[in-house]
Each structure stands twice: as C-alpha cells, then as structure tokens.
Amino acid sequence: MKLNQLTKVALTAAALTLAFSAQAARDTIQVAGSSTVLPFSSIAAEEFGNNFAQFRTPVVGSGGSGGGLRQFCQGVGANTIDVANSSRPIRPNELANCHQNGVNQVIEVKIGYDGIVFASRIDAGDFHLKPEHVFLAQAAQVPQNGRMVANPYTRWNQIDSSLPNQEIILAIPGSNHGTREVYEENVILAGCNTFSEVQSMDRSERNNFCLAMRTDGRIIEIAGDYTETLARLQAQRDAIGVFGLSFYESNRDRIKVATVSGVVPTIDNIIAGTYPVSRPLFFYVKGEHIGVIPGLQEFAEFFVSEGNAGFGSPLEEAGLIPLADNERAEVVQTIRSRTALKAQ
C-alpha cells in the first residue's frame, strides 16, 4: 500500500474514532457471538452488573462465532457491538475486514477451555467413537478395497460391529459456529487421514474429499444454538448431536456422552490433554470503544478474573475449564495494555 493510501486509512480511522467519542455514547455494553461462549458471557454480565453498580449490565446475544465477528468488524461507533464471543480464534480474513472498516484495535482475550462432545438421548445406545467412525458416518464417499465409493452405511454397526445397531443420524453445528471448525479439524479430518487411500492425495484434494458430506438427510446441520440440537435428539431417538462440554454438563439428566478414542470427556481429561476434541474459548474487545462505552475495560478484566472465571468460580461451575494462573496473568496484561492483534 502506498504512503498516501496508508495516511488516508489512518486519518479515516482517526475521524471515525473522534466522531464516535463526540456522539452521545451508548451506556450499555453490547456483546454477541458464539453460542458456546454465550452462557459464560451471560453469567459474567450478570455478575458484573451485581458487582459494579456504577455500570449497566451488559446485553449479551448469540449468532455464532462467525456472525458475532462479522458484526464486530462492521466498524467503530455506537451502532456496532463492543465484544464478540468466539469458540475459535479470529481468522486472518476476518481481522483484515476489521482493519478495512476502521476497527484496528482488536484485543483477543482467552477465557478458558471447553471440549466438544458427542451426545445422545439417555435411552439410546452407548457409543465409543473414534474419529474414523464419525468420518465414515458423514462422508459423501468412503474408501473401500482401494477405491472410493458412495457412502453405503446407514447404521452405526455397519461401520464397526462394536457400535450400536442404530440408524445414522448426526446433528452437527452449522458453518456459522466456531464448534464446526474444531469438529472438522479434530474429528473429520483426523479420521479421514487414517486411510491410506486418502494419504496418497495432495492436501487440497484430501481436504475437499474429507469434508464432502453425504446428502441423504442423515447429516443435519444446525444453524441455531445447542438447544436446537437438543430438540433434534428429543424428536429423533437415534440422533447423535455435537455439543460443547459445558452444555452437556448442564443437561446430564437428558443426554449422555460418547467416549472419543477411549477417553471420557471430562474437565480433568481436557486439562490433562488426554481428551482429543477440546479448544480454547475467546472474546474480542473493540479497543476503540474502551473509554467511550462505560465499563468496557472493567468488564473485560472482570470476565477473566480469578473470582469470576478461575477454579471454584461461577464460570467453572457452569462448565468452563479455567486458565492456568500464568495464562490468566498474560491475558489480564493484554487487556490492560490494550495490545491489539496485528495483521498476518
């Protein structure tokens, strides 16, 4: 980019910030994004309102990780959100979109960890899954005898005789969910890459093959939050859904989880690194709004504080796996110094 173009972008961003500061500031923090982070963010907002009487309780919405980041990156001003929740790191193209729209101070805050689980109704079969089982259930084509054929599997025990004789119906997160990316990376691609026929492909061909889904109605993409996935399980006894561990912990009376690669999804196993499908959780703060939207800095620090998000905290009770002390200290310092992400 030429110097005059860089100057123009900088002046435009400065003008936006000044205009925002000059207008009648909104007095309530606005948050949107990941359905996985939603319950943690809602609890943090309520606790913040109870502990900081000088500020209004933040308003928290959903919309998925991708949807929240799109809103966040629309620009600077009272008509844009202050915080985006996400169950995955912001992507380079999303960060570039933020910068293009004048959102240059994108502060990444890790809040803790969560696991992704496969759960079914209490009265359904017991599942002991491996990534290759899930890939074979979902794929448009599967390897058989050295060649690729249309997916012939309609019941789980056809994939592996150790699995229940139960119809394959798999409810997975829609592409707007951060959970979907982790699910594809840690389960579908991991399972697909165990087959020699796939290993011989080049990378782009391999990814396209592995992620191509059957279209016979057995794979159901859920655009809404986990309550919609739970409703699908309640309506269809054979359905298996993909959830965050925290949601399962809150609904143990209605659903049960599968093991993955022989490991039970528990907080201890995720902390130990033995459960294979886990991920960090984040929120992103718009630095340009700090000092303009009342309480934004204080809310960000409170959210990750030991009392709110540490061991024995309300967020741990809700299912969040807390940060280690050294990680928490680094995150708090990032907020206080307003350290923004740089373009890659």
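## Disulfides and overall form of a predicted chain

A search of the whole structure finds two disulfides, a disulfide being a pair of cysteine sulfur atoms within 2.5 Å. A disulfide is a covalent bond between the sulfur atoms of two cysteines. The model is predicted, so local features need pLDDT of at least 70 and side-chain atom pairs count only at pLDDT 80 or more, while totals for chains, interfaces and linings use all residues. Residues are numbered from 1 along each chain as its sequence is written, and side-chain values use heavy atoms, with hydrogens and water left out.

When the bonded cysteines of the chain are numbered in sequence order, the pairing reads 1-2, 3-4. The table lists both bonds.

| Disulfide | S to S distance | Torsion about the S-S bond |
|---|---|---|
| Cys73 and Cys98 | 2.0 Å | about -75° |
| Cys192 and Cys210 | 2.0 Å | about -75° |

The torsion of about -75° makes the disulfide of Cys73 and Cys98 left-handed. Cys73 lies in the loop between helix H3 (64–72) and strand E3 (83–86), whereas Cys98 belongs to helix H4 (residues 92–100), so this pair ties together parts that are 25 residues apart in sequence. Helices (H or I, at least four residues) and strands (E, at least two) are DSSP runs, numbered from the N terminus.

Are Cys73 and Cys98 buried or exposed? Cys73 is buried, with a relative accessible area of 1%, and Cys98 is buried at 0%. Here buried means under 20% relative accessible area, exposed means over 50%, and partly exposed lies in between (1.4 Å probe, protein chains only).

The disulfide of Cys192 and Cys210 is likewise left-handed, because its S-S torsion is about -75°. Cys192 is in helix H7 (residues 178–192) and Cys210 in helix H9 (residues 203–211), so the bond ties together parts that are 18 residues apart in sequence. Both Cys192 and Cys210 are buried.

### The chain as a whole

The secondary structure of the chain comprises 16 helices and 13 strands. Its C-alpha atoms fill a box of roughly 65 × 50 × 35 Å, taken along the principal axes. A compact globule of 344 residues would have a radius of gyration near 20 Å, and the 22 Å of the chain agrees with this. The radius is taken over C-alpha atoms, and the globule rule is 2.2 Å times the number of residues to the power 0.38.

Of the 344 residues, 51% count as buried. Among contacts (heavy atoms within 4.5 Å) between residues at least 6 apart in sequence, 73% join residues at least 24 apart.

The chain exposes about 15,200 Å², of which carbon and sulfur atoms supply 48%; such areas come from the Shrake-Rupley method with a 1.4 Å probe. There are 28 positive and 35 negative side chains, and the centres of the two sets lie 6 Å apart. Lys and Arg count as positive and Asp and Glu as negative, without His and the chain ends.

### Two residues with positive phi

Asn145 has a positive phi of about 55° although it is not a glycine. Asn145 is found in the loop between strand E6 (141–144) and strand E7 (147–150), and at 79% relative accessibility Asn145 is exposed.

Ser261 is not a glycine either, and its phi is positive at about 55°. Ser261 sits in the loop between strand E12 (259–260) and helix H12 (267–272). With a relative accessible area of 42%, Ser261 is partly exposed.

Note on methods:
The place of a charge is taken as NZ of Lys, CZ of Arg, CG of Asp or CD of Glu.
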